[in-house]
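Please keep the model in view while going through the numbered points.

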Amino acid sequence: MRLALRFRAPHAGSFLLPLPQSLAGQEVGDLFLSQRPEAVYEARDNLLARFALGEGERLEVRFRLRASPLTHRPPWGPSLLREPPEAWPGILAHRGHRVERALGFLLSGRPHTWFLVDGLPLDPALYQELREHPGRLLPLGVAPEPSLYLGGHEGRRLLLLKAPWPGEAEPFWDSLHPLDPDPLPWARGLAFAALGASALGLPTGPWPYLPYLALLALRQGGALKALFLRTPRHALESLLFHAFALSVTLEPRPELGLGYAAFFLWNRLKPSSAAPGGSPEEA
């Protein structure tokens, strides 16, 4: 996939920013900089570039990325399960492991920070998110087991900077954007426009919604199946949402809407698996 990192200078000056490079779990190529850097060098296994920018000036780096999952099972992983996730980096550092911060993005464009322990990923935040809501990463086409994040990751991220832990905030890119055309947002807009028209009494039939469902099936079908086999109630929440939405364009079925609402509340209010905000339509 082709991606672009973007940065807007908050003031005039010199800015040191990390450049994408090939590492374990990511292969980077065809790097293009919108501006010639003053200097490029390596430090702490990072590829860094210094740019002179005026206030409000924009910088863009384009590149091609091939990401893949990491599935290491280090011996320190199982022992952490007895401890709260937020304490894991400190526990491992106390045991003599080398702990670093890893700064980057999920491929959804969301900035993300995790840790490297002796060079292997440790992601307490996503471990906790997936314990609470196993379908959190369905929009990325994956539904990994939370235990994956004790030494591995899902292969839908970009690592840009390794930094000391604990440490201060580092200058960083503002955003990550895909450059390849993506029909899913257009299909989603058409689908929800059809839902709105149907709700207002203007029947559209199922045809405007079906392309959206087809794209979701292509991107999330395998992950949704894996999620259903592991925790059916979380998969049923998504399935019932789309079943009810589709019925609205034909003949509304209130029982499907009630079923979706029941699973939505169950998945978020049950103490052992309360989920942060969000719902399947955000996928």
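1. Asp45 lies in the loop between strand 4 and strand 5, where helices (H or I, at least four residues) and strands (E, at least two) are DSSP runs numbered from the N terminus. Although Asp45 is not a glycine, its phi is positive, at about 65°. Asp45 counts as exposed because its relative accessibility is 53%; buried means under 20% relative accessible area, exposed over 50%, and partly exposed in between (1.4 Å probe, protein chains only).

2. Some remarks on the source are needed here. The model is predicted: local features need pLDDT of at least 70, and side-chain atom pairs count only at pLDDT 80 or more, whereas totals for chains, interfaces and linings use all residues. Residues are numbered from 1 along each chain as its sequence is written, and side-chain values use heavy atoms, with hydrogens and water left out.

3. Arg44 is placed in the loop between strand 4 (39-43) and strand 5 (46-53). Its phi is near 55°, a positive value in a residue other than glycine. With 47% relative accessibility, Arg44 counts as partly exposed.

4. The chain as a whole may now be considered. The secondary structure of the protein chain comprises seven helices and 13 strands. The C-alpha trace spans about 65 × 45 × 30 Å along its principal axes. Of the 283 residues, 47% count as buried. Among contacts with a separation of 6 or more, 70% are made by residues 24 or more positions apart; a contact means heavy atoms within 4.5 Å.

5. Which residues of helix 7 are buried? They are Gly257, Gly259, Tyr260, Phe263, Asn267 and Arg268. These residues cover an arc of only 160° around the axis, so they are on the same side of helix 7; the arc is that of the directions from the helix axis to the C-beta atoms. The buried residues pack against helix 3 (124-132) and helix 6 (232-248). On the face turned away from the buried side are the exposed residues Pro254, Leu258 and Leu269.

6. His112 belongs to strand 9. It is buried, since its relative accessible area is 6%. Leaving aside neighbours within four places in sequence, His112 is in contact with several residues, including Phe105, Leu106, Asp123 and Arg157. With Asp123 there is also a polar contact of 2.7 Å between the side chains. A polar contact is a pair of N or O atoms within 3.5 Å; within protein, one must be able to donate a hydrogen and the other to accept it, and residues adjacent in sequence count only if both atoms are side-chain atoms. His112 and Leu159 are 47 residues apart along the chain, and their C-alpha atoms are separated by 9.1 Å.

7. Ser175 is part of strand 13 (residues 175-178). Is Ser175 buried or exposed? Ser175 counts as buried because its relative accessibility is 18%. Its side chain makes a polar contact of 2.8 Å with the side chain of His177. Not counting residues up to four places away in sequence, Ser175 touches Ala4, Leu5, Arg6 and Phe105.

8. The loop between strand 12 and strand 13 contains Pro166. The peptide bond from Trp165 to Pro166 is cis, with omega near -10°.

9. The second largest pocket has a volume of about 180 Å³. Of the 15 residues that line this pocket, the closest to its centre are Ala24, Leu70, Leu116, Gly119 and Leu159. Strand 9 (111-117), strand 10 (120-122) and strand 12 (157-164) are the elements that give two or more residues to the lining. The largest share, three residues, comes from strand 12. On a 1 Å grid over the protein atoms alone, a pocket is an open set of points where a 1.4 Å probe fits, with protein on both sides within 12 Å along at least five of seven lines; lining residues have an atom within 4 Å of a point. Grid points are joined across faces, edges and corners, and a volume is the space filled by probe spheres set on the points.
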